[in-house]
Amino acid sequence: MKRVAVVGAGTMGHGIAQVAATAGYQTCITDTQTTALDSAVERIGQNLEGGVERGKISRESADRALGLIDTCPALEHAVQEAHVVIEAVVENIDVKRDLFRTLDSLTGPATVLATNTSSLSVGAIASATKHPARVVGMHFFNPVHIMKLVEIVVHDGTDQNTINVASILTRDMGKEPIRVRDTPGFASSRLGVVLALEAMRMVEQDVATPHDIDKAMELGYGHPMGPLKVTDLVGLDVRLAIAEYLHSELGAAHYQPPEILRQMVEAGELGKKTGKGFYDWQ
């Protein structure tokens with residue numbers, strides 16, 4: 001297992017590519033937008049440079065990681081020799097199913113196909129392929145190069161070899177895998193979204209400022225980052241989509257998106273990626 005392909009060069013995609021290359025894997029990033037590929041490599045370089053400056057990684061290791069990363073605008077070229085393909089595209093079930101149907105036709109049955117979905121059904125994604133046993137969830141967390149957890153999400157048809165490959169790759173990347181059954185929201189999103197939505201309701205009700213609500217969780221409960229700052233990093237549009245999905249699937253009132261979230265998304269205040277969310281990132 002030497003080659004990894006990452007489909008999607010956005011926030012999660014470039015982070016996954018970085019940790020794969022840092023682990024010594026030949027890594028190819030592909031995206032339908034060539035400008036996104038250039039941006040991904042630039043951001044990876046900035047992350048690695050920051051790691052060198054902070055003493056987290058040696059100059060030699062950073063240079064080696066950059067040298068292992070290629071960009072491949074054509075999907076078929078990116079995945080043709082990959083041992084593992086990790087999808088990190090938009091959180092939309094139809095888009096992901098279409099992509100996995102294509103990946104299934106472009107790769108051999110021994111290639112593991114992983115989705116980075118944070119809440120959608122891995123089984124539903126796998127059912128678009130002729131070889132669902134090789135499909136698994138690998139849910140990374142943002143920022144990928146810092147966060148240690150990866151959820152290995154197993155649907156009913158995932159075979160043991162696929163699980164083993166995903167777990168080995170996760171550990172090689174310096175992450176800690178947990179195995180989760182394929183249910184809506186898995187473990188992390190199902191819990192994390194409830195906390196984030198309640199924090200938003202507290203802002204909506206003027207209980208406290210976003211900064212103080214986050215500080216309560218950081219200092220009172222030992223969370224490394226408060227739920228509203230995490231939301232800004234994840235993207236408010238992503239949080240909204242996950243909340244709507246979980247509410248439709250599970251029906252519980254605590255997954256109902258608060259009005260403040262809908263208003264901010266409509267206003268284009270999506271968090272760090274747009275410069276403004278619950279915090280000002282500009």
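Guide: What follows goes through the sheet strand by strand, then turns to a helix on the sheet, a loop residue and a pair of helices.

The model is a predicted one. Its open sheet has eight strands, in the order S3-S2-S1-S4-S5-S6-S7-S8, and the pairing is mixed. Strand S3 (69-71) and strand S8 (176-181) stand at the edges; each has a single partner strand, so one side of each is left without a neighbour in the sheet. On average, and with direction ignored, neighbouring strands are turned by 25° against each other.

Strand S2 covers residues 26-30. Four of its five residues are buried, so that the strand is mostly covered, where buried stands for a relative accessible area under 20%. S2 pairs with S3 in the parallel sense over three bridges, and Thr 27 stands opposite Ile 69 in S3. S2 also pairs with strand S1 (residues 3-7), again in the parallel sense, over five bridges. In that pairing Ala 5 stands opposite Cys 28 in S2.

Helix H5 (residues 93-106) packs on the sheet. The strands that H5 touches are S1, strand S4 (84-87), strand S5 (112-115) and strand S6 (135-139). The direction of H5 makes about 170° with that of S5.

Ser 118 lies in the loop that runs between S5 and helix H6 (122-126). Its relative accessible area is 11%, under the 20% limit, and Ser 118 therefore counts as buried. Leaving aside neighbours within four places in sequence, the residues in contact with Ser 118 are Glu 91, His 139, Gly 185, Phe 186, Ser 189 and Ile 242. Ser 118 and Val 238 are 120 residues apart in sequence, while the C-alpha to C-alpha distance between them is 9.4 Å.

The last item is a pair of helices. Helix H8 (residues 188-204) and helix H9 (residues 210-221) pack with their axes 10 Å apart, at an angle of about 140°. H8 and H9 are therefore oblique to each other, and H8 passes H9 in a right-handed crossing. On the H8 side the contact is made by Leu 195, Ala 199, Met 202 and Val 203, and on the H9 side by Pro 210, Ile 213 and Met 217. The residues of this contact divide into seven nonpolar, no polar and no charged.

Notes. Residues are numbered from 1 along each chain as its sequence is written. This is a predicted model: local features need pLDDT of at least 70, side-chain atom pairs count only at pLDDT 80 or more; totals for chains, interfaces and linings use all residues. Side-chain values use heavy atoms; hydrogens and water are left out. Axes are lines fitted to C-alpha atoms, for helices over the stretch in contact, and angles run from 0 to 180 degrees between N-to-C directions. Helices (H or I, at least four residues) and strands (E, at least two) are DSSP runs, numbered from the N terminus. Angles under 35 degrees count as roughly parallel, over 145 as roughly antiparallel, 65 to 115 as roughly perpendicular and the rest as oblique. A crossing is left-handed if the near helix is turned anticlockwise from the far one by less than a right angle, and right-handed if clockwise. Contact means heavy atoms within 4.5 Å. Ala, Val, Leu, Ile, Met, Phe, Trp, Tyr, Cys and Pro count as nonpolar, Asp, Glu, Lys and Arg as charged, and the others, Gly among them, as polar. Buried means under 20% relative accessible area, exposed over 50%, partly exposed in between (1.4 Å probe, protein chains only). Two strands pair if DSSP finds at least two bridges between them.
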